[in-house]
Amino acid sequence: MRIGIDIDNTITHTRELIYDYGVKFNEENNIPATCISDGYKIEDIFNWDDKLAAAFMDKYLINIYENVQPKTGALDVLSYLQRNHEVFLVTARNKYHPYIEQTTLKWLEKYEIQYDELIMNTTTNMHHCSKLDTCMEKKLDLMIEDHHDISLEISQQLPVIMFDYPYNAHVKAPNIFRVKNWLEAKTIIDKLAKTRSA
Ligand SMILES: [Mg+2]
């Protein structure tokens, strides 16, 4: 199969690290550190305005992309997928900021993640983009994601394995398979591959 895989919060524990850096940022700027929601965006989690969120990203985004940890089982399953399928990493990390591309490439190399193609965000939005066009263009058979709206949109056209998070808890669709870890994801991928080859 041709499998699309998101990076942040799918392969990696990005959310946890963003939260840790967010607490640090609050301390440094004497902002009362109150986590106010399970939201997806950092500004929603800490109730920051756009200016604060931008200052945080300027200061810590690169550290986050450098130091983020892979999830348990992610590296083993990715290696298995690369040997048995075609792997397309599809990320909303923005290609127009060269340090983001370089840091991402370096991180993938550090963890010896093999893939057929890395497709980055080429829109003017720094952190978000639709991935449906990429899925269609690359003729993907399956996408692995965590983002609520991206998963929903893609699921109109192809199956999506969605990593469970509080911010996507409301999402339910026939073509979306919710998983808690990479072992569960692998089981579903194997089943889908079997169905396709039957
Ligand atoms: Mg993600």
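Which spacing do the donors of the magnesium ion follow along the chain?

1. The donors of the magnesium ion follow the spacing D-x1-D-x137-D along the chain, where donors are N, O and S atoms within 2.8 Å of the metal (3.2 Å for Na, K and Ca), and since water is not among the atoms, sites may look incomplete. The ion is coordinated by Asp-6 (OD), Asp-8 (O) and Asp-146 (OD), at 2.0 to 2.2 Å. Asp-6 is buried, with a relative accessible area of 5%, and Asp-8, at 13%, counts as buried too; here buried means under 20% relative accessible area, exposed over 50%, and partly exposed in between, with a 1.4 Å probe and protein chains only.

2. A word on how to read these values. This is a predicted model, in which local features need pLDDT of at least 70 and side-chain atom pairs count only at pLDDT 80 or more, while totals for chains, interfaces and linings use all residues. Residues are numbered from 1 along each chain as its sequence is written, and side-chain values use heavy atoms, with hydrogens and water left out.

3. The chain is divided into domain 1 (2–12 + 70–197) and domain 2 (14–67), with bounds that come from an automatic or database domain assignment. The centres of the two domains, taken over C-alpha atoms, are separated by 24 Å. Across the boundary, 17 residues of domain 1 are in contact with 10 residues of domain 2, contact meaning heavy atoms within 4.5 Å.

4. The largest nonpolar core has 47 residues, and those with the most contacts inside it are Ile-5, Ile-11, Phe-56 and Trp-182; such a core is a set of buried Ala, Val, Leu, Ile, Met, Phe, Trp, Tyr and Cys residues joined through side-chain atoms within 4.5 Å. Helix α3 (residues 50–67) gives the most to this core, with seven residues, where helices (H or I, at least four residues) and strands (E, at least two) are DSSP runs numbered from the N terminus. The core draws at least three residues from each of domain 1 and domain 2. Apart from it lies another core, of 15 residues, among them Phe-88, Leu-140, Ile-154 and Met-162. In soluble globular proteins, nonpolar side chains tend to be buried together.

5. Trp-182 deserves a separate look. Not counting residues up to four places away in sequence, Trp-182 touches residues including Ile-5, Ile-11, Val-77, Leu-81, Ile-144 and Phe-163.

6. The aromatic pairs come to a count of 11, under a rule by which rings of Phe, Tyr and Trp (its six-membered ring) pair if their centres lie within 6.5 Å, with planes under 30 degrees apart counted as stacked, over 60 as edge-to-face and the rest as tilted. Trp-107 and Tyr-111 form a tilted pair, 4.7 Å centre to centre and with 45° between the planes, and both of these residues are buried. One aromatic cluster is formed by Tyr-19, Tyr-21, Phe-25, Phe-46, Trp-48, Phe-56 and Tyr-60.

7. Two charged side chains sit over rings, which requires NZ of Lys or CZ of Arg within 6 Å of the ring centre and within 35 degrees of the ring normal. Arg-93 lies over the face of Tyr-65, at 3.7 Å from the ring centre, and Lys-186 lies over the face of Tyr-80, at 4.3 Å.

8. Glu-66 lies in helix α3 and is partly exposed, with a relative accessible area of 42%. Not counting residues up to four places away in sequence, Glu-66 touches Thr-103, Trp-107 and Lys-110.
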